[in-house]
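Trainee: I have a new model open and would like to learn how its descriptions are reached. Could we go through it together?

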Amino acid sequence: MSTHTSSEYYDRLTEIYLDHVNDENAKATRFRTVLEDFFHDYLFPDEPSTKTLAQLQALWYQDGGNYQLNRLISEVRVDLNHITHENKSIRGNRGYLMYLFRACITILIHLSGEDPTERTRVACGEVVRDYLNDLNEQQRDIVTDNARIVYVNAGPGTGKTHLLVYKIVDILSTMKREAKIVALSYTRTSAQSLSDKLSSTLAKLNMLQESLPYSGTIHSYCLNSLRSYKSRNGGKFDYIIADETEIEEIVDDIFYSLDGEVEKEAIAKAIRKPDDSMDQRILDAIAERKDLYKRISVGEILSVYLNEITNNEDFVEWSRKNMNVILVDEAQDLTIENYQIFDILLEKIPELKLFLVGDPRQNIFGFLGGSFDNLDQFLKKYEGQISQKALSYSYRCPQKILDFTNGMTFSDCDNIQLTSKSKEKGSVTVNDYDNEYDEAKATVDFIKQRGSYNSIAILSPRIKTLGPIVDELNSQGIRFVVQGGSNSLKPYIQAFACMNRLIETKLKALGTANKLCARLEIPKCKTMPEFLNTEVGKEIKKLGTRYEEGNIKYIDLQRSFVKICRQYFNSAAKDVMDSDFQRLYTMVIVKSDSPKGFSYYFKHYQKQFISLDADFKSTGTTEDAVTLSTIHSAKGLEWDCVIMPCMCDHLFPDPKRQEDVDPDERLDGINTDKKLLFVAVTRSKKDLIISYPCMIRDSKMQARPSRLLGRLMLL
């Protein structure tokens, strides 16, 4: 039992922060000492004093610690370690010291369960101003709506993220430490953006974060909930979400184990969404590989979570203590399973509130299972219990662009009219050219004349249709970056990750071994003994044995993997490879302490190491480069000027949706393409340029403007 009080640690942190000595590094080092003392003397007084802060944090987390708080503690601990060991300097950066001070106070609030002293609150600058002044009248009405279920139809540029942030601020200001907020986004990037904007807003408002909202995707929330719950009860749920590359590895492994008697497509389908009616051999093989690879598909995570929340009352009670408000972004793109989860949670947790934000006109991910129909059915089910609102002021698009989108019609949803609050006059231009090469030259000439390349995006449903423009950009020496299309990890980074997974699985993962073989351009193997007899297999086995026996440290294991990569990828640009491995060290390796830890952190940063090698390679850097993007990848982004070339009727709408399908399917396809167009044109903050060739020279085919342009041709 600790003899110390929380106020002792609040006072020590405050004393350090207010000390007249102006050495931010020295103060940060002293913050670290206070945190260590707090963990040793207050939280774990009976643990040996030799245990590190990281070890004590792990003990706390294993005992059922909060996921979001654990992440904050890790970030602060790593930061303070870097500063203490002079790997990072914050001298002269008073703002960063304030961030660390407030973060340490937040950690103490949550771990001690006691309020900070008045002196500490004053030092934190907590003089909360009226946050509602930062909202327009529509946003204020929505933020202060206390209905149990709220649905907001939020069009492009209407301040959707701003709204979500201030809804969280409103909940925190009224519920304080009682707030148990779960904020769910469609992508990890969106979740991080929401988290960052919330932090900056709370700092601007001088609010102490007395509750830590969870911000992530719905499947990551389900996964982390299962982990925390199982850990609290002495069990384990130590899986990582499998990405497409890892699913391919597991498929390959099972395919060879079943002597090629089962189609790979059937194995992949069973991994993504297992069903009891499937081939039992496949299901047995998946269960075995799941424990070996410690990977789980998104579909199975949702199924396991649904089962627990439906049948395990103890899990329901645990969930009840950890959530009382759920906020959901991109509600139009959620799956049936997502809404089933909300249904059960609303039924079993009577005090739970649900705040949904979406835009049916931007429902473009139906191919991933997300559909406005799922949201529509949910809204109908709770009709009379839902407060439905709308945001209609767009701060992004000029009225000229909105005049076009306001005239669009959709077969499955209303088109709420948007009014521009942008100060830009804007322009909409439609050009036709003799052929695709004339179109490409005119487009690139315009880009060169305009300059400021990073403010320009060229959007298309498919990157490959931009071939002539890519050739012209290259010929005129204009830098560009590519988003969307076919891409994969840089081969040496993927090889490095495979080596870690092989050690993690104790050299039993044949699929991972063959992925490594493919990256090293050596023949695939049918068994693990065959792989371990190859030159690289022998080297990895030797390293794995030394690591397991404690004869080589984790960091030296990683250095050995880098050496192997340099040996096999000696044709790659050395400076680029060195830079990538240095970034990998900073982002991932330094935060992890084992191959399994590497895999966990690598998930969060792997997009930093993408190689666009299947369609077109990016040139230069993103500092001043034109963006080439699919419309799907452009969603949520914005540019001053958006260019949409190749707007021919046989390219957009998608011709695949017009062939050999019944009339209803064809109409659904056209409706989806309308939504793609809606998303594309509303990425523009100033100018929209649409063009089409009258003839496709390569195929000698006459072309006509896309039927989707319709009314735009008359503007």
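Mentor: Gladly! Let's start with a definition: a residue is called buried under 20% relative accessible area and exposed over 50%, with partly exposed in between. Keep in mind that this is a predicted model.

Trainee: Then why does Lys506 count as exposed?

Mentor: Its relative accessibility is 52%. The cut-off for exposed is over 50%, so Lys506 counts as exposed.

Trainee: And what makes Leu507 buried rather than exposed?

Mentor: Leu507 has a relative accessible area of 15%. Buried means under 20%, so Leu507 is buried. Lys506 lies in the loop between H21 and helix H22 (510-520), and Leu507 is placed in the loop between H21 and H22.

Trainee: What is the backbone doing at these two residues?

Mentor: Lys506 has a positive phi of about 55° although it is not a glycine. For Leu507, also a residue other than glycine, phi is positive and near 60°.

Trainee: Which residues of H21 and H25 meet?

Mentor: On the H21 side they include Tyr492, Phe496 and Met499, and on the H25 side Leu557, Phe561 and Val562 are among them. By class, this contact of H21 with H25 has 11 nonpolar, two polar and no charged residues.

Trainee: What is the relation of H2 to H4?

Mentor: The axes of helix H2 (residues 24-43) and helix H4 (residues 67-84) come within 9 Å and cross at roughly 130°. That value makes H2 oblique to H4. H2 passes H4 in a left-handed crossing. Among the residues that meet are Phe31, Arg32 and Leu35 in H2, with Val76 and Leu80 in H4. The contact of H2 with H4 has eight nonpolar, four polar and one charged residues.

Trainee: How do you know whether H1 is roughly parallel or roughly antiparallel to H5?

Mentor: Look at the angle: helix H1 (residues 6-18) and helix H5 (residues 94-112) pack at about 180°, with their axes 11 Å apart. Over 145 degrees counts as roughly antiparallel, so H1 is roughly antiparallel to H5. Tyr9, Tyr10 and Leu13 are among the H1 residues in this contact, and Leu97, Phe101 and Ile105 are among those of H5. The contact divides into 11 nonpolar, three polar and one charged.

Trainee: How many disulfides are found in the whole structure?

Mentor: A search finds zero. Take Cys646: its nearest cysteine sulfur, that of Cys648, is 6.5 Å away.

Trainee: Where is the cis peptide bond?

Mentor: It joins Phe652 and Pro653, with omega about 20°. Pro653 is in the loop between strand E17 (639-644) and helix H29 (663-681).

Note on methods
Residues are numbered from 1 along each chain as its sequence is written. This is a predicted model: local features need pLDDT of at least 70, side-chain atom pairs count only at pLDDT 80 or more; totals for chains, interfaces and linings use all residues. Side-chain values use heavy atoms; hydrogens and water are left out. A disulfide is a pair of cysteine sulfur atoms within 2.5 Å. Contact means heavy atoms within 4.5 Å. Helices (H or I, at least four residues) and strands (E, at least two) are DSSP runs, numbered from the N terminus. Ala, Val, Leu, Ile, Met, Phe, Trp, Tyr, Cys and Pro count as nonpolar, Asp, Glu, Lys and Arg as charged, and the others, Gly among them, as polar. Buried means under 20% relative accessible area, exposed over 50%, partly exposed in between (1.4 Å probe, protein chains only). Axes are lines fitted to C-alpha atoms, for helices over the stretch in contact, and angles run from 0 to 180 degrees between N-to-C directions. Angles under 35 degrees count as roughly parallel, over 145 as roughly antiparallel, 65 to 115 as roughly perpendicular and the rest as oblique. A crossing is left-handed if the near helix is turned anticlockwise from the far one by less than a right angle, and right-handed if clockwise.
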